[in-house]
Amino acid sequence: MRKNIVAGNWKMNTTLQEGVKLAEEVNAALKETKANCDVVICVPFTHLASVNGVIDQNVLGLGAENCADHASGAYTGEVSAPMVASTGAKYVILGHSERRQYYGETAETLREKVALALANGLTPIFCIGEVLEERENGTYNDVVKAQIVDGLFNLSAEDFGKIILAYEPVWAIGTGKTATADQAEDMHAHIRSVIAEKYGKEVADNTSILYGGSCKPSNAAELFAKPDVDGGLIGGAALKCADFMGIVKAF
Ligand code: PEP
């Protein structure tokens, strides 16, 4: 059975000290109020080892926001999947639209990153989603299908089963403009059918598909009530413990 998951994406926010404090707060809140879903925070590389030291990963999972497409070597400034895993992190966001847009990530580099993440025991949270123009010209289903096919369909069924997907319409990220629950459900059902065509219904039914894009405490319950929406990838609202917990409690 697929899991319900709420994952925070802190992006390039918080100093180390602020981040450790926020992680401590979320961890304490989860100890006090048991969540009805898995909860994960994905934090800057610089924070991973310290945050791992202050949280209990039985209640709060830890992830990175990216990893390199090489395992080691002369790639100045990059951080590899083995390095991420060595901090104690268990997850890694891959293919976030900001990485695709600002850092030129392609399906080819993403396939390398996914392979290295899996080889190092990390669970990829693989992001897909159309831009506003594609939503408006009606190509969004094809665009998202192509991102899944090109980025992930080289995997065996067993490895695909280790992936968490996050549908994040780019026009909804950080804009305050959320997809309606019906728009999210339509796309998540489409994504599940794309997976079923390739790997079969069982794999599709077992894949967690998160929604991301201006998700907040006030709209999370309506989104999460949809049958194919298995939780959220949360940006801005993950930076305040009360807001993040408000979303967690939507389950
Ligand atoms: C994100 O960047 O993954 C995201 C969903 O951001 P926000 O919640 O701020 O729209």
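Predicted model: local features only at pLDDT ≥ 70, side-chain atom pairs only at ≥ 80, totals over all residues.
**Exercise 1. Around the ligand**

Find which residues come nearest to the ligand, and work out how the shell around the ligand divides into nonpolar, polar and charged residues.

*Solution*

Step 1. Now sort the shell by residue type.

**Exercise 2. Polar contacts and cover**

Look at the ligand's oxygen atoms and give the distances from them to polar atoms of N9, G174 and G235. Then say how much of the ligand's accessible area the protein covers.

*Solution*

Step 1. Recall the cut-off: a polar contact is a pair of N or O atoms within 3.5 Å.

Step 2. Take the side chain of N9, where a polar atom lies 3.5 Å from a ligand oxygen atom.

Step 3. Move on to the backbone. A polar backbone atom of G174 is 2.7 Å from an oxygen atom of the ligand, and for a backbone N or O atom of G235 the distance to a ligand oxygen is 2.9 Å.

Step 4. Finish with the cover: on its own, the ligand has 290 Å² of accessible area, and the protein covers 95% of it.

**Exercise 3. Packing helices**

*Solution*

Step 1. Helix 11 (residues 217–224) packs on helix 12 (residues 241–248) at about 20°, and their axes are 8 Å apart. Angles under 35 degrees count as roughly parallel, so helix 11 is roughly parallel to helix 12. Their crossing is right-handed.

Step 2. Between helix 5 (residues 107–119) and helix 7 (residues 140–152) the angle is about 55°, with 8 Å between the axes. These two helices are therefore oblique to each other, and helix 5 passes helix 7 in a right-handed crossing.

Step 3. Helix 7 also packs with helix 9 (residues 181–199), at an angle of about 40° and with the axes 10 Å apart. Helix 7 and helix 9 are therefore oblique, and their crossing is right-handed.

Conventions. Residues numbered from 1 in each chain as written. Heavy atoms only, no water. Near = heavy atom within 4 Å. Polar contact = N/O pair within 3.5 Å; in protein donor to acceptor, adjacent residues only side chain to side chain. Areas by Shrake-Rupley, 256 points an atom, 1.4 Å probe, with all protein chains shown as cover. Nonpolar A, V, L, I, M, F, W, Y, C, P; charged D, E, K, R; others polar. Axes fitted to C-alpha atoms, helices over the stretch in contact; angles between N-to-C directions. Helix = DSSP H or I, 4+ residues; strand = E, 2+ residues; numbered from the N terminus. Parallel < 35°, antiparallel > 145°, perpendicular 65-115°, else oblique. Left-handed = near helix turned anticlockwise from the far one by under 90°.
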